[in-house]
Amino acid sequence: MSISQYLSPIQPDSLGYYPSEFSVTLGSRIIPYHPSDEIPEHSLVLLGVGEDRGAEFNAGCGGAPDEIRRYLYQLAIPHDDTHITDLGNIILGQTAADTYYAVAEIVADLLAEGHTLVLLGGSQDLTFAAYKGYENLHSIINIASIDSRFDLENNDDITSRTWLRNIIMQNPNYLFFNSNIGYQTHFVGQDHIRLMDDLKFDAYRIGEVQQDMSRAEALIRNSDLLSVDIGAIRQSDAPANGYPSPHGFYGEEFCQMMRFAGMSNKTNCLGLFEVNPLFDNHGQTAHMVAQGLWYFIEGYYLRKHDNPLIYPENCKHFIVKMEEPDLDIHFYKSKLSDRWWVHVPCHDSELQEIYSTQLMLPCTYAEYLQAMKGEVPALWMKYYQRLNS
């Protein structure tokens, strides 16, 4: 399949960017895609998706991709090895469903070739389209979302407030685990909190995450697909949203989480959604998102070969004997980055093969200390129950 049929290539001069021979800006390392080009192996790839027909309370966010690019191209080069392919913008379908189909095809094609993809939205229902790309590959995945809500509203239509419920309802289903980072209880009903718990998914209130950002790091490191609703950032830092909140993450925290995502060897698709230029203040939000993407790019080029499943020689191994459940818990600490993982056993050999890539769970040092005190980490138990229920 040629993905070029879905694409409208970007022209850097249309963004007000004019590269020069001696340019030190990031734009000089971003290669506009043309249909005759081959994308270099294992590339970092940008794709604008100006689809907002599924946006609730935020029509106009489809204009965000080029606004974010205007600032991204002008930033400094984060790493000497930086080379990025910009596919341009997707040609919108006659319906939102047509656009979802095209996004899924492109996601599947790029991931199959080993690329890492950044989706510049557009509305957050595009997370559903990205998920369908993994489904096309029959790939079991974990999704993490930085979001003030769970987006579990009961509606068969796929929108920015229903995309997660629609993913959960897919059959067959390739979603193994979902985690929410930074929900706000004044936006989330108790029935949705109970549903997340019943599904053995994980969710952390914004205060919990802000007190200990290592929790966000572990959840992001465990995600194949990271979906970001810019409405999770407080209005003073990100006004460009049709339904902003005075509370939320600070811009600096957003950039920190983007760096976590960049450094995660597992995260191969990042979606940045719900930026609405119609509500922006002199490009403040687009600039902030561009800076967050800059930190993702920097982190991407600082990735370490330290996943214990693939590089056990780069990790230290610790075994903690637990009385309940009656088994040993195996922790691993990277010699290269000091990051922690914990192994979650699966007692069914058939399921173990299906979920082989999900058995090594990123965790924190605090969870290792908790196990040393004889307490089973809650996230480990949720994983264990999902694998062995």
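1. Among contacts in the protein chain with a separation of 6 or more, 76% are accounted for by residues 24 or more positions apart; contact here means heavy atoms within 4.5 Å. The model is predicted, with local features needing pLDDT of at least 70 and side-chain atom pairs counting only at pLDDT 80 or more, while totals for chains, interfaces and linings use all residues. Residues are numbered from 1 along each chain as its sequence is written, and side-chain values use heavy atoms, with hydrogens and water left out.

2. The protein chain contains 12 helices and 14 strands. These are DSSP runs numbered from the N terminus, with helices being H or I of at least four residues and strands E of at least two.

3. The C-alpha trace spans about 65 × 45 × 40 Å along its principal axes.

4. Of the 389 residues in the protein chain, 57% are buried. Buried denotes under 20% relative accessible area, exposed over 50%, and partly exposed in between (1.4 Å probe, protein chains only).

5. Helix α7 (residues 213-221) and helix α8 (residues 251-263) have axes that come within 9 Å and cross at roughly 40°. Axes are lines fitted to C-alpha atoms, for helices over the stretch in contact, and angles run from 0 to 180 degrees between N-to-C directions. The crossing of α7 past α8 is right-handed, that is, the near helix is turned clockwise from the far one by less than a right angle.

6. On the α7 side the contact is made by M213, A216, E217 and I220, and on the α8 side by E253, Q256, M257, F260 and A261. The residues of this contact comprise six nonpolar, one polar and two charged. In this scheme Ala, Val, Leu, Ile, Met, Phe, Trp, Tyr, Cys and Pro are nonpolar, Asp, Glu, Lys and Arg are charged, and the others, Gly among them, are polar.

7. R215 also lies in helix α7. R215 is buried, with a relative accessible area of 7%. Apart from neighbours within four places in sequence, R215 contacts Y204, T364, E367 and L379.

8. I354 belongs to helix α10 (residues 349-354). With a relative accessible area of 41%, I354 is partly exposed. The C-alpha atoms of I354 and Y174 are separated by 10 Å, although the two residues are 180 residues apart along the chain.
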